[in-house]
Amino acid sequence: MSRVWNFSAGPAMLPESVLRQAAEDMLDWHGCGMGVMEMSHRGKDYMAIHAQATADLRELLDVPDNYKVLFLQGGGIGENAIIPMNLIGRGAVADFVITGSWSKKSEKEARKYGKTNIAFSTEACGYAGVPPMAEWRLSDDPSYVYACTNETVMGVEFPFVADLATVGRGQVPMVADMSSHILSRPVDVSKYGLIYAGAQKNIGPAGVTLVIIREDLLGHALPICPTAFDYKIVADHDSMYNTPPTYSIYIAGLVFQWLKAQGGLAEIERKNIAKAELLYGCIDASGLYESRVEKSCRSRMNVPFYLKDEALNEAFLEGAKAAGLVQLKGHKTVGGMRASLYNAMPLAGVQALVDYMREFERTRG
Ligand SMILES: Cc1ncc(COP(=O)(O)O)c(C=O)c1O
């Protein structure tokens, strides 16, 4: 067996020990005579897996008691509709801060369910940074303020947490799409009304969507909201109103245990900083590669970079593949390269990439 260094933006690499554990459990989980995929979600074995995954996630993110942890389906794009269906009715308008293609898509979808206001958009300047809060043109008392705190395509990560305490009546919730940087660093959950993330980057396999929601935001769903996506109903049934994506939740649970064994989020953040510094350091020191994101907002998880001579792109990718470095092609809308350095990517993988980049520049640059 030979494994590659997989820099995919998602679905992305998982810790090898998690995959090995899953292989071991495949036919017979803990001596019960069946695999997790075959279990009833109402049986005691799956219920224990579900409860443990929830408890471990709460511990890792230090989720306050007045927040619910929900496991849904529909992915990040599904949430673009599910969130407004649940929250937009709290007020007259929802505000959006647009810092890349994912937040742009979210605002467009939300318009189907109510009025939106674009508080700021960095589209005109190529989505290169994050505007300071003082520049956001917020509505008087919005239902919520929405941001994607790590834009996966552009590689733009929020360098600050928005403080909405002085907006409206001081009750405005911040809603954050953290799909591509959740669990990569500690987060003060209490600063958000709702956090969500698709799983297929730092949580586990595609198929489950994590939602962390403050309890007072439950119970505001529009009448058109499907029952299975009404957060209050999902919360009241402990994410089992309908059959949850049991296998994805089980793998997510193994990832949470792996993260705890790594030393938790403070420790994983330390590793992520080291990986990002290594790669950005290589880019900045080079005459061939460039980053187009403002330094203060560069994502630690998704690192887009460009070869100044674009004619070398194909050769770069071919050589990388031959060296066991795959999924480096940038998103089709922006071109260039992108290396995603999620939690499961070890420093050795980034070192291998940097060694290859330096050698490519020396021989071809
Ligand atoms: C930040 C962000 N939000 C939303 C999505 C959409 O997720 P999904 O394809 O699971 O709907 C992605 C997918 O990569 C993403 O990176």
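A few ground rules: the model is predicted, with local features needing pLDDT of at least 70, side-chain atom pairs counting only at pLDDT 80 or more, and totals for chains, interfaces and linings using all residues. Residues are numbered from 1 along each chain as its sequence is written, and side-chain values use heavy atoms, with hydrogens and water left out.

Let's start with strand β9, residues 194-198. Helices (H or I, at least four residues) and strands (E, at least two) are DSSP runs, numbered from the N terminus. Five of the five residues of β9 are buried, so the rest of the structure largely encloses this strand. Buried here means under 20% relative accessible area, against over 50% for exposed and partly exposed in between (1.4 Å probe, protein chains only). In a regular strand, side chains alternate between the two faces of the sheet. Both faces of β9 are covered: L194, Y196 and G198 are buried on one side, and I195 and A197 on the other.

Who are its partners? Two strands pair if DSSP finds at least two bridges between them. β9 pairs with strand β8 (residues 174-177) in the parallel sense over three bridges, and V175 stands opposite L194. β9 also runs antiparallel to strand β10 (residues 209-214), joined by five bridges; there, Y196 stands opposite V211.

Now the ligand. Its surroundings (residues with a heavy atom within 4 Å) are G75, G76, I77, W102, C148, N150, T152, D177, S179, Q200 and K201. Helix α3 (residues 75-87) gives the most to this shell, with three residues. By type, the shell splits into three nonpolar, six polar and two charged residues; Ala, Val, Leu, Ile, Met, Phe, Trp, Tyr, Cys and Pro count as nonpolar, Asp, Glu, Lys and Arg as charged, and the others, Gly among them, as polar.

Here are some polar contacts, meaning pairs of N or O atoms within 3.5 Å:

| Residue | Atom in the residue | Distance to a ligand oxygen atom |
|---|---|---|
| I77 | polar backbone atom | 2.8 Å |
| W102 | polar side-chain atom | 3.3 Å |
| Q200 | side-chain N or O atom | 2.9 Å |

The protein covers 82% of the 390 Å² of accessible area that the ligand has on its own (Shrake-Rupley method, 1.4 Å probe).

Finally, three strands make an open antiparallel sheet in the order β11-β12-β14. β11 (289-290) and β14 (337-340) are at the edges, each with a single partner strand, so one side of each lacks a neighbour in the sheet. Two bridges hold the antiparallel pairing of β11 with β12 (residues 302-307), where E290 stands opposite Y306.

Methods: A polar contact is a pair of N or O atoms within 3.5 Å; within protein, one must be able to donate a hydrogen and the other to accept it, and residues adjacent in sequence count only if both atoms are side-chain atoms.
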